[in-house]
Amino acid sequence: MTALALDSLIPAWALWLLVVLLALPGLVALWRRRWLTGAARLLVAVIAFAILARPITRIEERRAEPDIAVAVVDTSDSMNIGNRRAEAAAALKALREASGPDLRWRVVETEGRPLANGGTGLMDEIGRAIGQTSADRLAGAVVISDGIVGKEQPPVLPEGKPVHVLLAGDRNMVDRRMVVEASPPYAVVGQIAHVTVRVEGGPAGLPVNWSIDGQPQQPVATDAKGRARLAIKMARRGPAIVTASVPPAPGEQVIANNAALVRLNGVRDRLAVLLVSGAPSLSTRMWRDILTLDAALDTVHFTILRLPSSFDPTPTEELSLIPFPVEQLFEQRLRRFDLIVLDRFDQLDLLSPAYFDAISDYVMGGGALLVVTGPEHQAPFGLSSTSVGRMLPARPTGFWETTPYRAAVTSEGKRHPITATLEEEWGLGRPWGRWRTRLPATATRGHTLLSGPGNAPLLVIDRQGRGRVGVLLALDVWRWGRGVDGGGPRDALLTRLVHWLMQEPDLEEEQLSARGVGGDRLEVTVRSMAEPEPVTITPPQGAPQRLDPKVDAQGLAHLTVPAPVPGLYRIESGKRRTFALVGAGPERQEVRPRPEPLASLAKATGGGVFWLADGTPSLRRLEAGRPQAGGSWLGLIRNGGGALLGVREEPLIPPLVLWSLLAVALGVAWVAERRR
């Protein structure tokens, strides 16, 4: 590369001043029509400028180096469909073979990151791959992909460098795709929830087969727009898995996107809690605060301050206290409550044995009961002597104690969702505040979650029939909330206890869940209080797989197994069953190859878009500024650059010539002056 430059002997301002002074007499002479004199003087000024300015040529000596073309090859999961990967490999090989010694290829394989709107995030990776190549040697770029790319912003690329797109796959590919258009996050138990699905690539009237928790439902036909509306009636609280699918079309290569899975959470509109306190206390205030602050609960609270048998000469119309509504609560409205909390309740005279039997029947039928004991429960004729007491999972064995101690999570508690994470959430190694009261008792059944001195039970829970019961054998939980002696995880403990009693699905001791991971793996999570039953995984095609999970100290087991066949997997363990859709990620949703949005990138850079099904385009090397794409060919720029070895400077006009010209110009000027 050659360039002109000035290597002046004097500063630039002095050079230009001297030139002006020398040229001014010549200009004056020309103005006076003295042509020979004016021309000679101007010639002297020009030659003097050339001598002082010293114009030179700078010659860069370079070693010729080949240009670089970047090939970005999409290796995402959708490229495994059909012959796309083979087409991409054949196209890259053909381009390399067509390249001369002045062109080298830099191949970048990228999977692209999955995008929420579907497709592969290749745009940023294309920009990153091209940006790592020197712009003066970059001949252009070729993107080999099926076009399943997310709608990202195009990358910033060097100006004048073409980006060509080679599309792999069948442009007329047949594919049916199911899309969930509308699905509520939850559904109220006993009411109807609607899920709307749309089938793309299928005719109207196509039957949609669907199920709720594995139970087949009546198929629903799609309308003219491919939509089908599924009516789901929630029968219980907790998650419900709705699966829907359509039969594959003739010749369809990908069937993973023919199915959809929707998880609905069944909830109660409002949960009603009845809190009955036998006497005012800090424990009573704590329970009232915990229950009333929970937005999901409607709490009715009664504190018994006046018994029907109490003698009071005050006229009835002047009393501010109402009699305890025994009949309304325990006979007429008992079934309306989801949980009954008896806090230090010992007024057995208020309830006849029939009412205690009604509470027992209420629990056996699906209700929940929590008993918070006090000193009165040690009496031989306390609540433990009733049918409710016989239902409780702990039996009093001694008198009320007030010796300070620290509650601890038992081995069963470390596995139960109510207490498994209490120590970790409060801070490992951070002690809980001490309690001062407890009722000695023996756990007769159920699970003991908290214990006191000598492993004596403090919190025991159990299942009775379709319902649940719990007994708390201390009154000091309020100390944790007040920060006494350092406090403790009061809110977490009591909130989880209350919701477990009301059968919150997330707090079940025995749980089974599964989800697809990475498009070809299945992750199964098992929670159990004991060694769980074997897990059976049934793929869409092939034989079932049987696994024996081993739970950790918190009762959890995580299994990750290969899932090579895309589709709906059924996972069973004992009576529990769940489903997971594997291989239905963004790369397996919209699987038909498409030119956009890569075509916009190619057009903006002067490149072309070619379908590999029509053959690999031929390669041409062209100068910058010329068209870089044709009907069956793509162009890459010929830069002609190389490594700089050195710079050589040579005078533009030899000094001897300049001095000779100056002498001639002075001579001509002298002759002209003599002839004037």
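Me: Why does asparagine 455 count as exposed?
Reply: Exposed means over 50% relative accessible area, buried means under 20%, and partly exposed is in between, with a 1.4 Å probe and protein chains only. Asparagine 455 has 65% relative accessibility, so it counts as exposed. Before we go on: this is a predicted model, where local features need pLDDT of at least 70 and side-chain atom pairs count only at pLDDT 80 or more, while totals for chains, interfaces and linings use all residues. Residues are numbered from 1 along each chain as its sequence is written, and side-chain values use heavy atoms, leaving out hydrogens and water.

Me: Where is asparagine 455 found?
Reply: In the loop between strand S25 (447–451) and strand S26 (457–464). Helices (H or I, at least four residues) and strands (E, at least two) are DSSP runs, numbered from the N terminus. The protein has 13 helices and 38 strands.

Me: What is phi of asparagine 455 near?
Reply: Near 60°, a positive value in a residue other than glycine. Glutamine 503 also gets a mention here, with phi near 65°, again positive in a residue other than glycine. Glutamine 503 sits in the loop between H11 and S28.

Me: And what makes glutamine 503 partly exposed?
Reply: Its relative accessibility is 29%, so glutamine 503 counts as partly exposed.

Me: Why is threonine 110 called buried?
Reply: Its relative accessible area is 5%, so threonine 110 goes down as buried. Threonine 110 belongs to strand S4 (residues 103–110).

Me: What is threonine 110 in contact with, leaving aside neighbours within four places in sequence?
Reply: Contact means heavy atoms within 4.5 Å. By that rule, threonine 110 is in contact with Val72, Val73, Asp74, Thr75, Ser76, Leu122 and Glu125.

Me: Is alanine 256 buried or exposed?
Reply: Buried, because its relative accessibility is 1%. Alanine 256 is in the loop between S16 and strand S17 (259–267). Alanine 256 and glutamine 589 are 333 residues apart in sequence, yet 7.8 Å apart in space, C-alpha to C-alpha.

Me: Which residues does glutamate 412 touch, not counting those up to four places away in sequence?
Reply: Gly446, His447, Thr448, Leu449 and Met529. Glutamate 412 lies in the loop between strand S23 (408–409) and helix H9 (422–426). Its relative accessibility is 29%, so glutamate 412 is partly exposed. Glutamate 412 and alanine 530 are 118 residues apart in sequence and 9.2 Å apart in space, C-alpha to C-alpha.

Me: How much of the protein counts as buried?
Reply: 48% of the 676 residues.

Me: Which residues of helix H5 are buried?
Reply: In H5 (residues 282–292), they are Ser283, Thr284, Met286, Trp287, Ile290 and Leu291. Seen down the axis of H5, its buried residues fall within an arc of 160°, so they line one face of the helix. The arc is that of the directions from the helix axis to the C-beta atoms.

Me: What lines the largest cavity?
Reply: Ile290, Leu291, Asp294, Leu297, Leu494, Thr495, Val498 and His499. H5 and helix H11 (490–501) are the elements that give two or more residues to that lining. On a 1 Å grid over the protein atoms alone, a cavity is a set of points where a 1.4 Å probe fits but cannot get out; a pocket is an open set with protein on both sides within 12 Å along at least five of seven lines; and lining residues have an atom within 4 Å of a point.

Me: How many cavities of 30 Å³ or more does the structure hold?
Reply: One. The largest cavity holds about 40 Å³ of space. A volume here is the space filled by probe spheres set on the points, with grid points joined across faces, edges and corners.

Me: And what is the volume of the largest pocket?
Reply: About 1,400 Å³. Of the 37 residues lining the largest pocket, the closest to its centre are Arg236, Arg237, Pro239, Pro505 and Glu508.

Me: What joins glutamate 596 and proline 597?
Reply: A cis peptide bond, with omega about 5°. Proline 597 is in the loop between S34 and helix H12 (598–605).
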